[in-house]
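I opened this entry to record what I looked up in one structure. The notes are kept in the order of the topics I checked.

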Amino acid sequence: MIALLEAVRTRDPGFAVLRRAVRVALAACVVFYLGRYVLDDTVFAVYAVFGVVALGALSDVSGPPRHRTRTLLGCLGVGLVLVTIGTLVAASTAAAVLGMLVVGFLVAFAGVGGPRFTGVANGVHLFFILPCFPPYAPDTLPQRLLGLTLGVLALTLADRWVLTDPGPPGFAHRLREAAAAVGDHLDALLTGDDRLPERRAEAQGRIERLRLSALPLGERPAGPGRRDRGLTHAADALRAVHGRILAIADTAGTPPTLPADVVVALAAVRRSLLDVCAALGGVGPPPDLRPVDRAIARDAAARLRRLTAPGGVAELLPDAPLRVAALEALHAERTLVLATRAAVGAPPPPEAAADTGPDGPFWYVCASGWSLWRRRLATHLTLRSVYLQNAARLAIGLAVARWVAGGLELQNGFWVLLATLSLMRTSVTATRAALVPAFAGTLAGAVVAAGLLAAAGPETVVYAIVFPLLLVAALAGGPLLGPAVGQGLFTILVSVLFAQLSPAGWSLAGVRILDVAVGGIVGVLIGVAVWPSGGRREVRRAAARCLTVGADGIERTADLLTGRPRAREHDSPRGVEEYRLLVLFDASYAQYRSEPHPRRDDPVDWLAVLGAAHRLYRGSAALRRRFADADPLPWPVVTAGMRAAGHVTAERYRRVASALAVDELPDPGPDPGPGLPEWVRVAAEKCDQVDHPEAMLRVIDLWGWLSWLADDLARISAGAGERSAQHGLDVDVDP
């Protein structure tokens with residue numbers, strides 16, 4: 001027994017899976033035994049136990065206990081409506097198929113609301129699937145609704161009072177740890193600490209833990225609300241702060257040598273990071289934006305003083321990369337402060353009015369909950385949305401499975417739809433991979449179930465005794481031992497359950513095999529016919545569109561900073577389109593990372609591509625806001641150089657976009673290389689001769705932004721090179 005417990009502990013640290021299985025099994029047994037053996041009402045018993053199984057086993061209800069309670073009670077309300085509708089359409093196969101198509105799509109598409117909705121989608125589907133099969137018995141609707149209600153309430157009470165689970169720390173906790181690690185790295189950089197390499201590695205590791213692919217579904221901040229948007233925005237801003245600190249560390253040498261004004265700017269970032277950590281940890285007030293704004297203003301004033309001093313430009317340029325990176329770190333920290341305030345529910349500060357306006361990056365802070373939902377739904381009402389594709393694929397699969405089960409008059413056709421629901425994945429590859437262990441497990445479980453039914457015969461007391469043990473085993477077996485074991489145990493459980501409702505023989509196990517086979521085949525066929533590539537194709541298409549639109553934004557921004565009037569035209573609509581494309585890219589990337597990939601890993605570093613797309617959008621928007629009324633530059637040769645540099649960078653991004661769109665490795669082409677571009681040198685000389693400090697600021701800021709974008713391109717191509725060398729590839733792995 002001790003050895004068994006140690007083996008379980010190894011696979012299930014803290015016994016989280018086992019404790020959940022015990023909670024669900026206890027609730028299921030209480031309501032099932034009440035209905036079957038106390039009230040002698042099989043309809044009540046079936047709906048009560050399936051209410052527990054739907055939300056306790058087939059759903060992922062995560063978060064703190066109070067959030068789980070709200071989710072369960074909300075699902076109960078939806079379930080009562082769906083059971084009623086399913087009961088009324090059960091008389092007609094055509095009505096049931098149509099209802100399955102509509103309900104299947106709406107429930108699945110609700111996943112745009114984030115993990116809380118995605119996690120319970122399978123369970124909520126079950127509330128319609130179960131009653132939409134014959135017999136048509138509307139007179140039993142009260143027992144069905146009462147059974148479902150007591151089942152969900154029993155599960156809710158067990159979740160709060162039996163072997164309670166406090167839930168995962170959450171994304172805010174991870175974000176706080178990452179911000180603390182980045183702050184420690186920055187502190188070591190500023191003080192010349194010998195532990196700088198260790199601090200750098202720790203910060204990099206914490207930043208990596210913010211990847212969506214490294215997060216359980218329930219921890220992902222993917223909802224349309226202000227808090228989730230703020231957390232996502234904060235994570236992106238923290239990556240930007242970390243990236244600029246790395247750039248400064250790499251440029252400053254060993255030991256690091258930093259100009260005094262760079263030290264002052266980074267010290268302000270360090271203090272602000274401490275405030276962000278305190279707010280995210282719930283031990284401090286929301287971070288204050290004013291210290292960061294004052295630091296940005298001081299930095300701008302210092303640069304202007306230096307630019308207007310005799311020989312100041314020549315003195316400023318050698319350390320310009322460090323100063324530009326420090327300024328970018330300050331602006332990224334400003335974004336982090338505003339995003340953290342949104343994440344902790346703090347009101348926007350008055351000095352951030354432009355940021356929280358309709359065209360600002362934090363527009364969502366002042367928007368109502370309904371408008372946020374409406375905008376999220378409108379964004380994903382396109383065939384390019386993986387949410388819409390998944391919802392349509394699943395709805396069609398369930399409708400076809402219901403038509404097949406009804407047309408063939410399969411015994412217990414409900415299990416056909418359950419097999420389709422549980423086996424269908426977001427790509428045909430994933431569906432096919434899930435079908436093999438499911439069928440193997442079902443076959444093995446059916447053999448065991450047939451032997452048990454043949455041996456026990458009509459002795460229901462035997463089934464009543466083994467039922468709780470099988471429940472715990474089935475609920476824990478899948479997560480701990482794999483899908484094949486889970487399917488096998490679930491097959492035995494189903495046989496034992498139905499053997500207590502009506503006389504059953506060994507043939508019941510064979511029916512279960514047939515149902516899984518039919519449901520799985522339907523799932524595979526629909527998966528082949530309806531968007532079979534899943535997120536793999538969409539992530540490439542979305543990335544290419546984002547980078548292409550972003551490349552246009554580079555040229556518009558360069559035009560604006562040189563004073564070209566037409567660069568201001570149609571800026572807001574383009575910004576809205578860029579944001580919509582980013583949302584679709586985020587969703588496609590998240591799904592793609594959750595799917596299995598045939599043969600070998602994708603050689604593209606999609607997180608680097610996603611980060612570049614975000615910086616294209618936000619960096620361009622920030623520069624356009626900062627220099628919205630820029631006059632024409634006084635130096636025609638510099639104007640031509642800035643526009644040419646913007647065009648070259650834009651063309652490099654278009655080249656990467658074109659490669660991604662056709663499944664080739666991204667190659668941005670030749671890098672202009674380090675050092676000062678000629679147009680920056682000319683601007684410095686002209687500014688020394690005739691004082692134009694504001695114009696010189698535009699030159700330096702555009703140069704800094706284009707340098708950052710070049711760093712992103714280098715990271716994308718380096719990631720592709722490393723992966724292709726590792727796998728011996730010069731084209732994509734799955735053409």
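The entries below cover backbone, aromatic rings, salt bridges and one surface patch.

**Basis.** I am working from a predicted model, in which local features need pLDDT of at least 70, side-chain atom pairs count only at pLDDT 80 or more, and totals for chains, interfaces and linings use all residues. Residues are numbered from 1 along each chain as its sequence is written, and side-chain values use heavy atoms, with hydrogens and water left out.

**Backbone.** I looked up the peptide bond from P134 to P135 and found it cis, with omega near 5 degrees. P135 sits in the loop between α6 (115-129) and α7 (141-161). Helices here are DSSP runs of H or I with at least four residues, numbered from the N terminus.

Next I took D40, a residue other than glycine with a positive phi, near 55 degrees. D40 belongs to the loop between α2 (16-38) and α3 (42-56). Its relative accessibility is 57%, so I list D40 as exposed. The scale is: buried under 20% relative accessible area, exposed over 50%, partly exposed in between (1.4 Å probe, protein chains only).

L163 also has a positive phi without being glycine, near 45 degrees. I place L163 in the loop between α7 and α8 (171-191). At a relative accessible area of 41%, L163 is partly exposed.

**Aromatic rings.** I searched the whole structure and got 14 aromatic pairs. The rings of F414 and W415 have centres 4.8 Å apart and planes at 70 degrees, so I file the pair as edge-to-face. The rule pairs rings of Phe, Tyr and Trp (its six-membered ring) with centres within 6.5 Å; planes under 30 degrees apart are stacked, over 60 edge-to-face, and the rest tilted. F414 is buried at 7% relative accessibility, and W415 is buried at 3%. One aromatic cluster takes in F50, F414, W415, F490 and F498.

**Salt bridges.** Side chains of opposite charge can pair when their charged atoms come close. My criterion is a side-chain nitrogen of Lys or Arg within 4 Å of a carboxyl oxygen of Asp or Glu. With this rule I count 24 salt bridges.

I noted R206 with E177, at 2.8 Å from N to O. R206 is partly exposed at 23% relative accessibility.

D288 and R290 form another salt bridge, their closest N and O atoms being 3.0 Å apart. I have D288 as partly exposed at 29% and R290 as partly exposed at 46%.

I then checked D712 and R715, whose side chains meet at 2.6 Å, N to O. They are three residues apart in helix α27 (residues 693-727), so about one helical turn separates them. D712 is buried, with a relative accessible area of 1%, whereas R715 is partly exposed at 41%. Salt bridges with shared partners also join E177, E202, R206 and R209 into one network.

**Surface patch.** Which residues form a positive surface patch? I found R66, R70, R116 and R160. Patch members have over 30% relative accessible area and no salt bridge, and like charges are joined within 9 Å. I looked at R70 on its own: R70 is in helix α4 (residues 65-89) and is partly exposed, at 47% relative accessible area.

Conventions. Patches are made of residues with over 30% relative accessible area and no salt bridge: like charges are joined within 9 Å, nonpolar side chains (Val, Leu, Ile, Met, Phe, Trp, Tyr) within 5 Å. Accessible areas come from the Shrake-Rupley method with a 1.4 Å probe; for residues, only the protein chains shown count as cover. Lys and Arg count as positive and Asp and Glu as negative; His and the chain ends are not counted. The place of a charge is taken as NZ of Lys, CZ of Arg, CG of Asp or CD of Glu. Helices (H or I, at least four residues) and strands (E, at least two) are DSSP runs, numbered from the N terminus.
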